[in-house]
Amino acid sequence: EPLSIIFGVDGSLQIIESDTPPYKALAFVKTALLRLDQTALSKIDQDSPNPFALRDILSNSALYHATVFPLRNVKISGTTNYDAIRKIIYDSIKDPSLEGEPYKTLKWIAYEKWDNQPKRLPLFECPHCGETVATLEFDSDEGNCPDCNGHLYLTDMLGFHQNMITEAAPDSIASDYMGIHETLLLFTSIRHFWETKTQILKNCLFVKDGPLSIRAQYSKLVAPIRRFLNFALVNNIKIYILGQEKTGRFVEHFDLIGRNVPDNSIFIPGSEYIREKIQQRPFRGQPYGRDTNYGAKIFVKLNNYTKFVFTVPTGLYISNPSINDLIGIDRILSTIPKMISSQYESGLLPIELAHGIASLSTYPSARILRIFSDT
């Protein structure tokens, strides 16, 4: 049975750098969450969507968030760029226009509130002294380092400060923030139903642009996300989540091997296959995705023009999953044909619509941002 309520999440960013010395740089980030149902989707022409129909859907079913980061050569009165960005991240995730819901979700994940067993945060690197001794008591927003007494925000546990210096930050700060915020938006809708109307989750599909993974120091969110998905599964509640990759090594590999694959086929590559055939690296070290992924890769071919690289959760980590390990895969796959867009090859309508809301790359957005950054 296809899932009837669909959420799509996507994000966009623009790095605007001045054309003259000292080449100051600002990063503009926008993310969006879109809600659709099958009735609304069925009214949209997949080949030539009516813009007014899309307008009506988006006006009642979309949320978005935007923020700005000073990356280089931007003077912040009374503080350093390092501390300014830490505060911007904290304040932005608490975005009052979204009533602070993504921040509540961060606390819900970080403190694992779903099982009603109070936990303090695992130790993380202090942004002041650099020692891995910082933590916060259960449900705390702020605190102090036990070694240097430096002030801590809950968002410091994510580790953005590990990639910054005192007066500058790399472009990756913006892209990493976008990825984290997309994940928080995705789980905000899940958390809302979990806390209010759990039964609605059995009819919801949550679709994210990109893989279900969180890299580098930010991956500390992966383990609690896996534990939540497994906790829900043990309690007979399936959380239907789907990530779609449209570029990268997995897509290139599927383009290569998919030519001779029959229609309506599914392939689930295990850790050894991924490391040897896709990553082309030795088998030393951790299995693929053990620390960074909260889902397993699958290749789906409907026909020669419609092929997908998806990620679907398994709950706890499984290095070589079978189809029975993929949470809700039967209902997810039965929903896919109803979401396909004909505008782009292998496009999914919820992601396309969410991208339209989040996009900062189209004219006149980029021009307006440049004018703003020059003031």
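## An open mixed sheet and its helices

8 strands build an open sheet with mixed pairing, in the order S3-S2-S1-S6-S7-S10-S9-S8. Strands pair here if DSSP finds at least two bridges between them. Strand S3 (62–72) and strand S8 (265–267) are the edge strands, and each pairs on one side only. On average, neighbouring strands of this sheet are turned by 25° against each other, direction ignored.

This is a predicted model, in which local features need pLDDT of at least 70, side-chain atom pairs count only at pLDDT 80 or more, and totals for chains, interfaces and linings use all residues. Residues are numbered from 1 along each chain as its sequence is written, and side-chain values use heavy atoms, with hydrogens and water left out. Helices (H or I, at least four residues) and strands (E, at least two) are DSSP runs, numbered from the N terminus.

### Strand S7 and its partners

Strand S7 covers residues 240–245 and runs antiparallel to strand S10 (residues 306–312), with 3 bridges joining them. Gln 244 has Phe 310 in S10 as its bridge partner. Strand S6 (residues 204–209) runs parallel to S7, and 5 bridges join these two. Here Val 207 stands opposite Leu 242 in S7.

What makes S7 largely enclosed? 6 of the 6 residues of S7 are buried, so the rest of the structure largely encloses the strand. Buried means under 20% relative accessible area, exposed over 50%, and partly exposed in between (1.4 Å probe, protein chains only). In a regular strand the side chains alternate between the two faces of the sheet. Both faces of S7 are covered. Tyr 240, Leu 242 and Gln 244 are buried on one side, and Ile 241, Gly 243 and Glu 245 are buried on the other.

Ile 6 lies in S1 and has a relative accessible area of 0%, so Ile 6 is buried. Ile 6 and Leu 33 are 27 residues apart in sequence, and their C-alpha atoms are 10 Å apart in space.

Helix H5 spans residues 172–196 and contains His 181. His 181 counts as buried because its relative accessibility is 0%. Contact means heavy atoms within 4.5 Å. Leaving aside neighbours within four places in sequence, His 181 is in contact with Thr 31, His 65, Ser 92, Ile 93, Leu 98 and Pro 102.

Axes are lines fitted to C-alpha atoms, for helices over the stretch in contact, and angles run from 0 to 180 degrees between N-to-C directions. Angles under 35 degrees count as roughly parallel, over 145 as roughly antiparallel, 65 to 115 as roughly perpendicular, and the rest as oblique.

The axes of H5 and helix H6 (residues 222–234) come within 13 Å and cross at roughly 30°. H5 is therefore roughly parallel to H6. Thr 183, Phe 187, Ile 190 and Trp 194 in H5 meet Ile 225, Phe 228, Phe 231 and Ala 232 in H6. The residues of this contact divide into 7 nonpolar, 1 polar and no charged. Ala, Val, Leu, Ile, Met, Phe, Trp, Tyr, Cys and Pro count as nonpolar, Asp, Glu, Lys and Arg as charged, and the others, Gly among them, as polar.

Helix H4 (residues 101–110) meets H5 at another angle. The axes of H4 and H5 come within 8 Å and cross at roughly 80°, so H4 and H5 are roughly perpendicular to each other. H4 contributes Glu 101, Pro 102, Lys 104, Thr 105, Leu 106, Trp 108 and Ile 109 to the contact. H5 contributes His 181, Leu 184, Leu 185, Phe 187, Thr 188, Arg 191, Trp 194 and Glu 195. The residues of the contact of H4 with H5 divide into 8 nonpolar, 3 polar and 4 charged.

### Helix H10

Helix H10 (residues 349–358) is largely enclosed by the rest of the structure, because 8 of its 10 residues are buried. The buried residues are Leu 349, Pro 350, Ile 351, Glu 352, Leu 353, Ala 354, Ile 357 and Ala 358.

### Backbone details in loops

The peptide bond from Pro 21 to Pro 22 is cis, with omega near 5°. Pro 22 sits in the loop between strand S1 (5–17) and strand S2 (25–37).
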